[in-house]
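Subject: Structure handover

Hello,

I am passing on a structure that you have not worked with before. Please open it below and read my notes alongside it.

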Amino acid sequence: VVDMVEPLVNVPGRIVVSKARFYFQPFSNAFSMADIVKWKLESIVQVIPRSYVLQDVGLEVYIIENGVTSNYLFVLDSVESRNKLHEFLVANCQKTLEDSQQSNMTLKWQNGVISNYEYLYYLNNMADRTVNNLSQYPVFPWVFSDYTSRNIDICDPAIYRDLSRPIGGLNKKRLDRILERYYDMPEPRFMYGSHYSTPGFITYYLTRSKPDLMLCLMGGKFDHPDRLFAGIAETWNNVLNNSADFKELIPEFYQGDGAFLENRKKLDLGKRQNGSVVGDVELPPWAESPTDFIQKMSAGLESEYVSANLHHWIDLIFGYKQKGPLAEQNHNIFHPYCYPGTVDINTILDPNEKNCVVTQILEFGQVPQQIFKKPHPEKKLAIYPSLEVNTVESDLEYQDTEDSPSPSISSSSISLSSFSFSSKIPTKNHVTFFIECPDTSTVYVGTASGMMYTYRLPDMKYAYGVIISNVSLICGVDLKHSLCVGSSDGKCYVLSKQQGSVYQSIPCHYDTITDMQLDADLIFSSSWDSSVKVWSVTTTPQNKIKGLRLINDLDHDDVVQSIAVSGPMLVSCVQGCSVVVWDWDAMEVLHTIDYTHHDIAHAAIWDNHVVLMGVSVVYLNFKTFEEGLTRRFDANIRSYQICGNILCTLEQNGKITLFDLVEGRLV
């Protein structure tokens, strides 16, 4: 018998594995054939052993089918059965968790290659935390301590919580009362009767977006209105002062659009004793909207203060201060049943006692698996030349002043002498785009591995490589002193051309950024989230990117693959082979063309023509949109630049080709 674990629900069934496929069939008659979970073994990308109710009997399987990632948590009847299934699946798996060595991930975090959010999520994964199990849900810290001010300054250390202390240690008066009770308590002693992460806390935060979780936990009804999640400041006040409330946060507070804070489903959550109706979560005065709240919370998590102190919190939650004498010294002791290895439920013979212990383990919180037994290393802040501005996210408003001028953005141009031949980029990584910077005689080449390679002109001599992200780099633009690189995680990474390092990451889209273009001092970006966004750029006096301010957001019916801009005209190539011509300033669609007989991936505006590119190059008259010259290439065009009449293309196979747009021939 195997259980498939979903939040607050265990579905009993059986697993059948053939040579090609995996099947899970529920036992219950309430399930139909459509409820059978199945996938090809070749779709497995990760297999992770998990604990469940403090026993090593869980297995989480990650698969990718049709470009969609899914994960399933199964609980088997014994360690031996789990290990046997694990060994079999790993043999058919492309990548396991062990392939991403912890030391490598820590080093990436120290050097700013991955964000604080990404590293914390990774540690949660390593420590047996998964969204499929509310008893072991990923845990994230409160980072701000100010939820009442009208405005906050991300650079002000006074607005942050002390990350070297657990939640229970933030209020000295409360801690004194807790310690007094602790020292009078018989063994086994514990400081906190409540944990920082429990199913009740998860359902508390997610009541509006996932009401079924609370209804399941509360026996078909919502909790009393006065105990529901009503406001950020109120919740923080309880966490800081209540003698039984020590909850931390969940990942949703630092990513997404904040939908879980809004009562979009119009749920009847009742009235509180003061007569107020429980609706949307009340935000801090400094947050204009749920999206703005999440963006500022994310900015705080990635701030200089948090980056400099996050290792202390990691020591408490995942590290050497988690248990033992150092945990006691740092006021970090929970009930013994919260710790892995403290109880073996299989040795409890009395069924009532066993049920009570299992219930307490499942509902009262579990400490993550200990990852570090020595102090966690600090982040190497000194190597980041721009930490003073690494606190700004994409939609924050900034007013230009004399002290904060708009950047002088250079328009890229092709040095034809450097590309007077067809060549292969000398890298084994899958090439996604390139940027030529004439001011530094440099070509930057982005790859699907997250690496960016730098070559010196005129002979394309390799200079150095830098890891921008752990996800694919898709596109980029030259901002004179910096490069702005779009990636598959929806972020723009800002790279200092002088230092050769990333100093800023800005969430811009909810999905992969497919293209970026410059026009004057504006950045245009397109995405799989079916939008094209127009941004203005603000900088510091040191010419570092301070932030991006959203000017316009153009919605489309499907994925936007690429864009071209000339003045107020914007051309977008939409998945499904349609081309949309906009007046982006007026946010008005001027023309839409269905274009199904060519595989179109890019568009450019040149000499009163729209140039469409995929495997072919196709000309369209800008006024009549009649098709002109067509030219086929050896492979899909991944990136391009136009200088005068010359189109320079980078094909997917790494080949650079020069094409004369007037004469319609290769140079």
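Val131 sits in the loop that joins α3 to α4. This is a predicted model. The relative accessibility of Val131 is 30%, so the residue counts as partly exposed. Apart from residues up to four places away in sequence, Val131 touches Pro7, Tyr121, Tyr137 and Pro138.

For orientation, here are the totals. The protein has 667 residues, of which 54% count as buried. Its secondary structure comes to 11 helices and 31 strands. Among contacts with a separation of 6 or more, 54% are between residues 24 or more positions apart. The accessible surface is about 29100 Å², and carbon and sulfur atoms account for 49% of that surface.

Next, the helices. α3 covers residues 116-126 and α9 covers residues 304-317; their axes come within 12 Å and cross at roughly 10°. Angles under 35 degrees count as roughly parallel, so α3 is roughly parallel to α9. On the α3 side of the contact are Asn116, Tyr119, Leu120 and Leu123, and on the α9 side are Val306, Ser307, Leu310, Trp313 and Ile314. By type, the residues of this contact are seven nonpolar, two polar and no charged.

The largest nonpolar core has 71 residues, and the members that touch the most others are Phe144, Phe253 and Phe318. Several helices supply at least two residues each to this core: α2 (102-110), α3, α4 (172-183), α5 (199-205), α7 (232-241), α8 (290-301) and α9. The largest share comes from α9, with six residues. As for Phe253, leaving out residues up to four places away in sequence, its contacts are Tyr205, Phe229, Ile232, Phe260, Phe293, Ile294 and Met297.

Which residues does Leu249 touch, leaving aside its neighbours within four places in sequence? They are Pro138, Val139, Phe140, Pro141, Trp142, Tyr205, Tyr254 and Met297. Leu249 lies in the loop between α7 and α8. Its relative accessibility is 1%, so Leu249 counts as buried. From Leu249 to Val139 the C-alpha distance is 6.1 Å, with the two 110 residues apart in sequence.

Some backbone details need a look. Most residues other than glycine have a negative phi, and most peptide bonds are trans. Leu8 is not a glycine, yet its phi is positive, at about 70°. Leu8 is in the loop between β1 (2-6) and β2 (9-17), and with 29% relative accessibility it counts as partly exposed. Leu54 is not a glycine either, and it has a positive phi of about 65°. Leu54 lies in the loop between β5 (44-52) and β6 (55-65). Is Leu54 buried or exposed? Leu54 has a relative accessible area of 13%, so it is buried, as buried means under 20%.

There is also a peptide bond to note: the one from Glu187 to Pro188 is cis, with omega near -5°. Pro188 is in the loop between α4 and α5.

Two residues in strands remain. Val565 belongs to strand β20, which runs over residues 560-566. At 15% relative accessibility, Val565 counts as buried. Its contacts, leaving aside neighbours within four places in sequence, are Gln517, Asp519, Phe524, Leu570, Trp584 and Ile605. The C-alpha atoms of Val565 and Val581 are separated by 9.8 Å, and the two are 16 residues apart along the chain.

Ile593 belongs to strand β23, residues 588-594. Its relative accessibility is 13%, so Ile593 counts as buried. Between the C-alpha atoms of Ile593 and Val580 there are 6.5 Å, with 13 residues of separation along the chain.

Regards

Technical notes. Residues numbered from 1 in each chain as written. Predicted model: local features only at pLDDT ≥ 70, side-chain atom pairs only at ≥ 80, totals over all residues. Heavy atoms only, no water. Axes fitted to C-alpha atoms, helices over the stretch in contact; angles between N-to-C directions. Helix = DSSP H or I, 4+ residues; strand = E, 2+ residues; numbered from the N terminus. Parallel < 35°, antiparallel > 145°, perpendicular 65-115°, else oblique. Contact = heavy atoms within 4.5 Å. Nonpolar A, V, L, I, M, F, W, Y, C, P; charged D, E, K, R; others polar. Buried < 20%, exposed > 50% of the residue type's maximum accessible area, 1.4 Å probe, protein only. Areas by Shrake-Rupley, 256 points an atom, 1.4 Å probe, with all protein chains shown as cover. Core = buried A, V, L, I, M, F, W, Y, C linked by side-chain atoms within 4.5 Å.
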